[in-house]
Amino acid sequence: MSGDGLRHATEGRIDRGTVLRFRFDGTAYSGHPGDTLASALLANGVRRIGTSVRLGRPRGVMSAGSEEPTGVVQLEAPFPDPMRPATMVELHDGLVASSLSGRGRLADRPDPARYDAVHAHCDMLVVGAGPAGLAAASLAVRSGARVILADERPEVGGASPDTEGDDWFDRAGARVLTRTTVFGYYDDNYLVAVERRTDHLGAAAPGNLARERIWRIRAGQVVLATGAHERPIAFAGNDLPGVMLADSARTYLHRYGVLVGRRAVVFTINDSGYRVVADLAAAGVEIAALVDPREATGGTVGGQVGGRYGGHVVVAAHGDDAHGHDVLSTVDIEPVGGGPTVRVDADALLVSGGWSPVLHLYSQSGGRLRYDEVVGAFLPDGCRQAVTVAGAARGLTSTTACLVDGVDAARQALTALGITPVDWSPPSVGAGAEGPPPATAAPGGVPDLRFVPAEDYSTHFVDFQRDVTVADVLRATGAGLRSVEHVKRYTTAGTAHDQGKTSGLLTSAVVGQALDAGIAELGHTTFRPPYTPVSFAALAGRDRGQLYDPVRVTAIHDWHVRHGARFEDVGQWRRSWYYPAEGEGLAEAVRRECVAARTGVAFMDASTLGKIEVQGPDAGRFLDRLYTNVMSTLAVGAIRYGVMCGLDGMVFDDGTVARLAPDRFLLTTTTGNAGPVLDWMEEWLQTEWPDLAAWCTSVTDQWATVAVVGPRSRDVLARLAPGLAVDAATFPFMTWRDTVVAGLPARVCRISFSGELAYEVNVAWWHGLALWEAVYEAGAPYGITPYGTETMHVLRAEKGYPIVGQDTDGTVTPQDLGMAWVVSKKKADFIGKRSFARSDTARPDRKHLVGLLPEDPTLLLPEGVHVVDPACLAGGRLPEPPVPMLGHVTSSYRSAALDRTFALALVAGGRDRIGDRLYAPLDDGRLVPVTVAGPVLYDPEGARRDG
Amino acid sequence: MLLIRCPWCGPRDETEFHYGGAAHVAYPSDPAALSDEEWGRYLFVRENLKGPFAERWCHTAGCRRWFNAVRDTLTNEILRVYRIGEPA
């Protein structure tokens, strides 16, 4: 069909004086401001818009709104966007779109658009700006309420073309969000909407404007004036381009000035089809036939009708050789119950199977639905949330009734809010704009015809997007499925982008007929957000890239950057990983850094260690209950290593505790666990031991920490802190001193996480860089070497010091780690103590932390690799799965000090296997032999810590 | 998203809070006196009620205080909130 003459001379709200150029499937077309892509394509005579996903059938535009099941396109320009209903794409100059075969394509380049979010509160949120919504919002505004009115269309007025003039709507008093789809309704009247701000502007969209904004709205009261969707009827070939929902033809005429055809058949089971006949006939469309299964087709029909077929149904739609089989050419009409077929030529078949109130949001809110036999659809039936449904969304059909209902709904909602509604009604609408009488008054009522009986149901489509037919649904019930939820999953009906807006009730009706059950007892499938598809980009908003998660850096970070450090993320912290010199990779740099720490002096930025200060007269008692060992006996000036367990006895964190004063302790935690440890302490203090006078404060960001490590570290510190006695006798291991280092007030702790002589120097955060640079300068004569987390890991692993969360996984006790010494036998109780006596934690064959030495000293075991007992091998190969495993490698490194590779592993009964040979199966199929060793592989006597 | 009335700060979005499981499960006064089974029940077994359920919440992104709430697990409605130490 050519597009000539399909644009009506005067109808519609388009700007005929401006021409917009666009391309579809490579062909250039034109349209006008006010068009959608769908209306412009129809005006240009383009009927076929895509190809169905499973059966490859031609598909066209079925509706004029967001319920569109078939007219889905791929946007190519200005930016690729998959699966957009052409009915919701506003036309702009330069738009390029193409047809789809069911699926879209994601953009292959980064999206340059910005996305944003808004949090809003209001007294009343009105969803839908049709007659009911406008009336509700108007009364609320006039009564002084804070109102948000949201509608998915570009302008207020609603889906119905009958609402003319909304001069009485006081838009200044409300926050009016057009092009905004409320897509989710959650607890406590929390609703989420997406506002499309720039798509309709095309290339003219200002770059500073966010393309889409997510609105997160908390509303005192919600009025849902979400309207109704017309339903299709299933008959043979009901998916052919040219078959369309009847009232959408009116929308195309009145809103866009587009005639959906020149010669139409109207097939309706309710009175709303009659206004379609009247309006299209008045606009010059030839109405070839009016088909209504009801015996009497009502009184007068406004307009000439070629044939009136009361008591008839449309049984099939066809293409033909002359016009092509991609589009509608003829319609077959038969009497209800069978009889002679009448074939009528037509290029449009306008179908009305009744109206389904749009209750997706209502159902999401927790609202119950009940099937109403008279209306022939589900209606709202009560909700505990503060929500009122108004207008067509609760089955009303006339514009006047919807206006009145909107006012009533607002009055109820305002009263519930404690706001006195003013006395106001919208001006009555003119008789010409009157909708049809309520369906209940229709002669013969609404027949529950959902699908036309036939021998062959293979082209009676129920879900057009998923290519689900009546035959498919019957196959599901034939397979024994009884629940509409199961049928949905078996057939995929209702699972496409449109979430079954037009197909849901139809599916239930077919199931009902097959099972001889009513729709009321079958119920409906669950409505879930989002109401229409929402892009991940919109949901992510600004929370992507750099802003996805805050990056924490230390006071010394810029120095690390300047000196070429590579970084790794540890929790939210960005830590120096290693400092490659020219030409070095990770292995070479780490080897050099390790050698410096073991033979000379090296230093590390340890500022990220979690630090918690605990104060109060009961601080010691409190720590005794948290740690497995005793802290209250610690002398002021001393430091003790400690382990915290969960109630289940599993290691939760470890660190050091320094006693600063009788009632003050400073704890360190692992870098990634500082928050959870503080939360854990607060939980116990607040909920179980509120009687303890102890208070916890995070001081992680208060102290910058520089670890100076190695045999020459004492020399470096002595140069920087001339007032500090640094000899081992005066300043012994596991003590701290307040002093001045490099002219800065400092606390120096003799703590070692490497086994070497080491000092941790703490200064105020803002002095961190000054301290670091002073250490670097003072250490220069000794070749002081900065090192990162990788070297720290190698040094600690050589000493068998576990990392909580790497060498443990929440199933490991202190005893499993070989640290029974850290578990107090004297304390009556502490968190986890009781669990150590459980039969499972007392088992001798639990997994123990041990060292593993690959027999090939150059082979680096992958972390996570399993180890197996040679006894399970058959002929030197692994047995059939499941293969019994003894444990797994938790840490694995190359050691300069040992001049070989080594690993730590959790191995069942590992401490009883020292010296045994086990095997590690690698990904490449090799089984490599490893020897079990104690976990402390370097300096097991601890001779090096005093230098 | 729930709107939770923190007894210290007032109504706030659920995302500001951290859930803490069943309330009024006291730490045993003498864990050593419990059998393995009794200790196991304390550690691992909680009721999974349909209806009003007393549970703990912490206003993590606010005042960082723990409190108790009674929530209907069927409707997700929070029926009341009360401070630690106040009667259920």
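Modeller: Gladly, and keep in mind that the model is predicted. Let me start with R384(A), which has a relative accessibility of 36% and is called partly exposed.

Colleague: Why is R384(A) called partly exposed?

Modeller: Buried needs a relative accessible area under 20% and exposed needs over 50%. R384(A) has 36%, so it counts as partly exposed.

Colleague: What makes the pair of D187(A) and R384(A) a salt bridge?

Modeller: The cut-off is 4 Å between a side-chain nitrogen of Lys or Arg and a carboxyl oxygen of Asp or Glu. Here the N to O distance is 3.5 Å, so the pair qualifies. The two residues belong to distant parts of the chain, 197 residues apart. D187(A) sits in the loop between β11 (180-186) and β12 (190-196) of chain A, and R384(A) in the loop between β25 (377-380) and β26 (387-389) of chain A.

Colleague: How do you know that R250(A) is buried?

Modeller: Its relative accessible area is 3%, and buried means under 20%, so R250(A) is buried. R250(A) also forms a salt bridge with D279(A), with the closest N and O atoms 2.9 Å apart.

Colleague: Which parts does the pair of R250(A) and D279(A) tie together?

Modeller: R250(A) lies in helix α3 (residues 246-256) of chain A and D279(A) in helix α4 (residues 272-282) of chain A, so parts 29 residues apart in sequence are tied together.

Colleague: What makes both D81(A) and R84(A) count as buried?

Modeller: D81(A) is at 14% relative accessibility and R84(A) at 13%. Over all chains, the structure holds 59 salt bridges.

Colleague: Let's turn to the helices. Why are α7(A) and α8(A) called oblique to each other?

Modeller: The axes of α7 (residues 470-478) and α8 (residues 484-491) of chain A come within 10 Å and cross at roughly 120°. Perpendicular covers 65 to 115 degrees and antiparallel starts over 145, so this pair falls to oblique. The crossing of α7(A) past α8(A) is right-handed.

Colleague: Which residues make the contact?

Modeller: From α7(A) come D472(A), V473(A), R475(A) and A476(A), and from α8(A) come V487(A), Y490(A) and T491(A). By type, the contact of α7(A) with α8(A) has 4 nonpolar, 1 polar and 2 charged residues.

How values were computed:
Residues numbered from 1 in each chain as written. Chains lettered and ligands numbered in written order. Predicted model: local features only at pLDDT ≥ 70, side-chain atom pairs only at ≥ 80, totals over all residues. Heavy atoms only, no water. Axes fitted to C-alpha atoms, helices over the stretch in contact; angles between N-to-C directions. Helix = DSSP H or I, 4+ residues; strand = E, 2+ residues; numbered from the N terminus. Parallel < 35°, antiparallel > 145°, perpendicular 65-115°, else oblique. Left-handed = near helix turned anticlockwise from the far one by under 90°. Contact = heavy atoms within 4.5 Å. Nonpolar A, V, L, I, M, F, W, Y, C, P; charged D, E, K, R; others polar. Buried < 20%, exposed > 50% of the residue type's maximum accessible area, 1.4 Å probe, protein only.
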